[in-house]
Amino acid sequence: MQVNSLPDKWRRKFMHQLMVQENVIPGLSQKQVLRGSHFSSENKLPGNLAGRPKELWDEEYFEDGMWKSKPRKKPLIGVMDSLLDMPGFQALSQFRLQLFDWSSRNIMAAAIQDCVMFYDTHTTQTVESFENTEVANICAVKWNNAGNKLVVCNLLSEIRLYCLETLKVIWTTLCNTTEYNTPCHVRCVCWSSNDQYIVAGCKGLISVYSMKNGTVVNSVLAHTAGLLTLAFSPNYQYLVSSATDLNVRIFQWPTLLPLLDINYYEPIKALAWHPHESGLLCIGGGLGDASLSLWNVNKLDPVSYRHVEFQGAIENLAWNKISGELVVQWSYWEGQNRCTLMPVLASLDRIVDVLPVDKESQVHDIAWNSDHTQLATLSGESVLMWNFFGNEYQHHQKRKKPRKYREVRENTRSMNFQEFKYYNIR
């Protein structure tokens, strides 16, 4: 409903501003002119905002008590800015595989069949591709923070690290669970703050690999089933994971000591840390839930929770580091048709914009560019790029491509799980 009412909301706000500026009705409370003769209780705010209808808030630099944000004063996202064609891309799992990533150097990497393709988004050309990097059965790709190294994992338990500067494979190793004689593969990957460590999640295990040589420097049995997501908090104090065992778990970094356990009814695919507020985590509900819950990990407490009426799930969450606005990708059902909705939230109660994606399209993944002015949505065999703040933007320099090299096996060590705080989400 908020999405459908956005145009009327913004027109009402601008009309009000013009009426105040021109003093159209002297002496009359201008804030009531467009609202009718009274304020309903559900539209009143506490404290110094009491009596002001929500539709007429002054939104500049406003903090609504849920998270810090500087939300837009009007819808800014228009038609897509550009499109990249990725023929052959397939999302092969009911749970999102990490098959696409956008580097800090504005180079996209995508798993296309049995190779990694690279796309330079600096030019205005549709696609700028590099020579193929052949890797069979890819299940995860992830750039480091510097944007010059790429981890590629496959279903054969291999983990490879490529360097775009030398165009070589730095090392190849096997998923840590092979040490326990358990067939496995990595499903999600992230990098430490200084790019010295690669953190990978597989069949219940979180393993930390040295960037220099692929050695496992730490590991913890985190879940009883395959991991779905891994994400560091912006200050790298915490690491959060979710898995098909229905649990979301938070660990202290770098010790991997368990801190918090949240149990859901369905597997969680979408997690996002606020870019500037320490320990603020948003969790999107799984299939049939589609709720949003906000957690203060520093206090080990839930901040807020919002349930939605429709049957669906949250597929992706992405906080913008400039504005503090949250992009939510909802999937829901209309009869036999699966639909997509992607609003932009200033809080759990307020939608301020929406990505005009075709509701019939299936969005596999989303990613920011290096400065968070553009958002990419991967749908079908195409990447659509949107100007998040509505202005034109050009991208980065071309890069050549990597090629594969030999395997290396390394030793491991493990640490056991300990007791921690536990929650159930109902």
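Q: Not counting residues up to four places away in sequence, which residues does Asp245 touch?
A: In this predicted model, local features need pLDDT of at least 70 and side-chain atom pairs count only at pLDDT 80 or more, while totals for chains, interfaces and linings use all residues. Residues are numbered from 1 along each chain as its sequence is written, and side-chain values use heavy atoms, with hydrogens and water left out. Asp245 is placed in the loop between strand E14 (238–243) and strand E15 (247–252), where helices (H or I, at least four residues) and strands (E, at least two) are DSSP runs numbered from the N terminus. With contact taken as heavy atoms within 4.5 Å, and residues up to four places away in sequence set aside, Asp245 touches His223, Thr224, Ala225 and Asn263.

Q: Which side chain of opposite charge is nearest to the buried Asp245?
A: Asp245 is buried (under 20% relative accessible area, with exposed being over 50% and partly exposed in between, for a 1.4 Å probe and protein chains only), yet this residue has no salt bridge. A salt bridge would need a side-chain nitrogen of Lys or Arg within 4 Å of a carboxyl oxygen of Asp or Glu; Lys and Arg count as positive and Asp and Glu as negative, with His and the chain ends not counted. The nearest side chain of opposite charge is 4.3 Å away and belongs to Arg249.

Q: The side chain of Asp245 reaches which backbone nitrogen?
A: A polar contact is a pair of N or O atoms within 3.5 Å; within protein, one must be able to donate a hydrogen and the other to accept it, and residues adjacent in sequence count only if both atoms are side-chain atoms. From its loop between strands E14 and E15, Asp245 makes a side-chain contact of this kind at 3.1 Å, to the backbone nitrogen of Asn247.

Q: Is the aromatic pair of Phe232 and Trp253 stacked or edge-to-face?
A: The structure holds seven aromatic pairs, counted where rings of Phe, Tyr and Trp (its six-membered ring) have centres within 6.5 Å, with planes under 30 degrees apart called stacked, over 60 edge-to-face and the rest tilted. The ring centres of Phe232 and Trp253 are 4.9 Å apart, and their planes stand at 75°, so the pair is edge-to-face.

Q: What is the angle between the planes in the aromatic pair of Trp368 and Phe388?
A: Trp368 lies in strand E26 (residues 363–368) and Phe388 in the loop between strand E28 (382–387) and strand E29 (421–424), so this pair ties together parts that are 20 residues apart in sequence. Trp368 counts as buried at 12% relative accessibility, and Phe388 is buried at 1%. The pair is edge-to-face, 4.9 Å centre to centre, with the planes at 85°.

Q: Which residue lies over the face of Phe388?
A: A charge sits over a ring if NZ of Lys or CZ of Arg is within 6 Å of the ring centre and within 35 degrees of the ring normal. For Phe388, a distance of 4.3 Å from the ring centre is found for Arg72.

Q: What is the phi of Leu256, which is not a glycine?
A: Leu256 lies in the loop between E15 and E16, which also holds Pro254, and the peptide bond from Trp253 to Pro254 is cis, with omega near 10°. Leu256 is buried, with a relative accessible area of 0%. Its phi is positive, at about 65°.

Q: How far from Val3 is the C-alpha atom of Asp353?
A: Val3 is found in helix H1 (residues 2–22) and touches Leu341, Pro343, Ile351 and Val354, not counting residues up to four places away in sequence. Although Val3 and Asp353 are 350 residues apart along the chain, the separation of their C-alpha atoms is 7.4 Å.
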